Amino acid sequence: MTDDLERPAKLLADTQTHLVAPGAAVLRMQTTPRRDGTFDGAWWPRSRNLETQLPELLRALTERLGPLARIGLDASAWDVHTRHVIVDGHMVRIDWSAVDDSTMLITRGRQDIFSFLMLPPGTDASAARTAMAMAVQDGNSASAAEILAATGITSAGGT
């Protein structure tokens, strides 16, 4: 039997018709030349263990976006801080931030940057679904703090 922390990340097309569970990520499936919203996606990791959570997400995103160059993460969200991760023989550099703003930035190539809302692992499923849907809603301009406050999610993951 597979432990919940070892199941692969699941990249969802939306949060309306798919089960949102820890490990899920949603990516805005239609890209446009202009940025109408703050976030391109959202991710709800299962734990604060970077080594078990990040590789599966990067695999799922690479399938959709192509090779990834960098990822920017909040240092306070993870227990271990490494400089890079190697996924399927490809190295992705990790940039750490002390801002604690519940966001993650993914860089593809040299200039394509995708911004993700990052939910705390202990988030209630209903609140996670609502926050993820808000993050990728067309025209959304709410910050991560505003989305988390609107859905009752605290940075520690409680609701």
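## An aromatic pair

In this predicted model, the count comes to 1 aromatic pair, where rings of Phe, Tyr and Trp (for Trp, its six-membered ring) pair if their centres lie within 6.5 Å, and where planes under 30 degrees apart count as stacked, over 60 as edge-to-face and the rest as tilted. The pair is stacked, because the ring centres of Trp43 and Trp78 are 5.7 Å apart and their planes stand at 25 degrees. Distant parts of the chain are linked in this way, since Trp43 belongs to strand β3 (residues 41-43) while Trp78 sits in the loop between β4 and β5 (84-87), 35 residues apart. Trp43 is buried at a relative accessible area of 1%, and Trp78 is likewise buried, at 2%; here buried means under 20% relative accessible area, exposed over 50% and partly exposed in between, with a 1.4 Å probe and protein chains only.

Residues are numbered from 1 along each chain as its sequence is written. Because the model is predicted, local features need pLDDT of at least 70 and side-chain atom pairs count only at pLDDT 80 or more, whereas totals for chains, interfaces and linings use all residues, and side-chain values use heavy atoms, with hydrogens and water left out.

## Overall architecture

The secondary structure comprises 3 helices and 8 strands, which follow one another from the N terminus as β-β-β-α-β-β-β-β-β-α-α; helices (H or I, at least four residues) and strands (E, at least two) are DSSP runs, numbered from the N terminus. Of the 159 residues of the protein, 43% count as buried. Among contacts with a separation of 6 or more, 60% are between residues 24 or more positions apart, a contact meaning heavy atoms within 4.5 Å.

## Strand β4 and its partners

Strand β4 (residues 70-74) is mostly covered, with 4 of its 5 residues buried. It pairs in the parallel sense with strand β6 (residues 90-97) over 5 bridges, and 3 bridges join β4 to strand β7 (residues 103-108), in this case antiparallel; two strands pair if DSSP finds at least two bridges between them. Towards β6, Leu73 has Trp96 as its bridge partner, and towards β7, Ile71 has Ile106.

## The nonpolar cores

The largest nonpolar core has 23 residues, of which Trp43, Leu54, Leu58, Ile71, Leu73, Met104 and Ile106 touch the most other members; such a core is a set of buried Ala, Val, Leu, Ile, Met, Phe, Trp, Tyr and Cys residues joined through side-chain atoms within 4.5 Å. Two or more residues are given to this core by each of β2 (24-27), α1, β4, β5, β6, β7 and β8 (112-118), and the largest share, 6 residues, comes from α1. When neighbours within four places in sequence are left aside, Leu58 is in contact with Leu68, Ile71, Val85, Val87, Val92 and Ile106.

## Salt bridges

Side chains of opposite charge can pair when their charged atoms come close. The model has 6 salt bridges, each being a side-chain nitrogen of Lys or Arg within 4 Å of a carboxyl oxygen of Asp or Glu. In one of them, Asp79 joins Arg48, with the closest N and O atoms 2.8 Å apart. Asp79 lies in the loop between β4 and β5 and Arg48 in the loop between β3 and α1 (50-65), so this pair ties together parts that are 31 residues apart in sequence. Asp79 is exposed at 54% relative accessible area, whereas Arg48, at 34%, is partly exposed.

Within helix α1, Glu56 and Arg59 meet in a salt bridge of 2.9 Å, N to O; these residues are 3 apart in the helix and are therefore separated by about one helical turn. Both are partly exposed, Glu56 at 24% and Arg59 at 28%. A further salt bridge joins Arg108 and Asp112, whose closest N and O atoms are 2.9 Å apart; Arg108 is partly exposed at 26%, as is Asp112 at 38%. Shared partners among salt bridges also join Glu56, Arg59 and Asp88 into one network.
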